[in-house]
Amino acid sequence: MLHTIKKIGVLTSGGDAPGMNAAIRSVVRTCAFHDIKCYGIYRGYEGMIDGDFVEMDARSVKGIINKGGTILKSARSKEFRTKEGRQVAYDQLKKAGIDAFVVIGGDGSFTGAMVFNQEFDFPVMGIPGTIDNDIFGTTHTLGYDTALNTVVEVIDKIRDTASSHNRLFFIEVMGRDVGHIALNVGVGAGAEEILIPEEDLGLDRLLESLRRSKASGKSSSIVVVAEGDKIGKSVFELKDYVEENMSEYEVRVSVLGHMQRGGSPSCFDRVLASRMGVKAVESLLIGKSNYMVGIKNDMMDLTPFDQAVKGKSKINMELLRVSDIMTV
Ligand code: F6P
């Protein structure tokens, strides 16, 4: 393999996601395989600005493939959004002799990498790591599959208590502005309704659907609500609204929160992370830069950063219909 790159940096940036450690491991080991030095950059772009680097070899990443979070820590850096901040980061990389970097994160992290590449002609490559799955150019981001499994397991538990008390539960899940998590766990956990930002169900139709469900003999119900849902009320206001309009229901709310980001990555995320790390490093070594590695039809794929950042990841509308049919 022809390459002039001798030292590659790796960082995790933005919200952490299960599988980030597996991706760090893969980047480090792919570098070792090709006799390239690898440096871990702590705390995302914050650590790049501070020159907080550590040399890593194949053994530095032992025992982390199964660990949640990120051993390199993560941050959302305000300073890196300024030209001055990026200049300091560039000087630090040059001082350490780092020729290129791989950033594992979401679209904000990729925007930073893209601007950095334009300003300093510095080789960069991205690996999508976020539980939200909200990135164009890949059917799966790292951590998404694990989060789905975590949430389904929790909803199964909530259903036990919901059915014991004949209660209706509103369960709020993460996903920022998109409904991928809500839609998939809603179908996977057999929710009666799924509220996502991509589809405005409206309060009337929600009540109608709950009434239908009650009339069909169901005694308890689960409604999954995406945190970005635009129904116009918070999940707690939704509870009050339904209780006011349907006295037959006793309603509870469960906001799952950050537990959705933790835990040991699923096998799918570990394999995906391993593949993405290899692809990212080997792409840099053949002279590619300014791309995000993704997966499409089970094949590794590269999407230019500007498309990954500007494009919209679309939810699978078929799942909404499947959900409607399942709740007949
Ligand atoms: O992007 C991942 C995510 O967990 C979103 O689902 C959520 O909206 C957000 O991050 C929470 O951000 P923070 O880590 O700042 O609480």
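Reader: Where is Ile171 placed?

Author: Ile171 sits in strand 6, residues 167-173; strands are DSSP runs of E of at least two residues, helices are runs of H or I of at least four, and both are numbered from the N terminus. This is a predicted model, in which local features need pLDDT of at least 70, side-chain atom pairs count only at pLDDT 80 or more, and totals for chains, interfaces and linings use all residues. Residues are numbered from 1 along each chain as its sequence is written, and side-chain values use heavy atoms, with hydrogens and water left out.

Reader: Why is Ile171 called buried?

Author: Buried means under 20% relative accessible area, exposed over 50%, and partly exposed in between, with a 1.4 Å probe and protein chains only. Ile171 has 0% relative accessibility, so Ile171 counts as buried.

Reader: Which residues does Ile171 touch, leaving out those up to four places away in sequence?

Author: With that exclusion, the residues touching Ile171 include Ile155, Ile158, Ile222, Val223 and Leu256; contact means heavy atoms within 4.5 Å.

Reader: Happy with that. Why is Glu192 called buried?

Author: Its relative accessible area is 9%, so Glu192 is buried. Glu192 lies in the loop between helix 6 (180-188) and strand 7 (193-195).

Reader: What makes the pair of Glu192 and Ile222 a polar contact?

Author: A polar contact is a pair of N or O atoms within 3.5 Å; within protein, one must be able to donate a hydrogen and the other to accept it, and residues adjacent in sequence count only if both atoms are side-chain atoms. Here a polar atom of the Glu192 side chain lies 2.7 Å from the backbone nitrogen of Ile222.

Reader: What makes their phi values worth a look?

Author: Most residues other than glycine have a negative phi. Phi of Arg43 is positive, near 55 degrees, and phi of Asp121 is positive too, near 50 degrees. Arg43 is in the loop between strand 2 (37-41) and helix 2 (44-50), while Asp121 is in the loop between helix 4 (107-120) and strand 5 (124-128).
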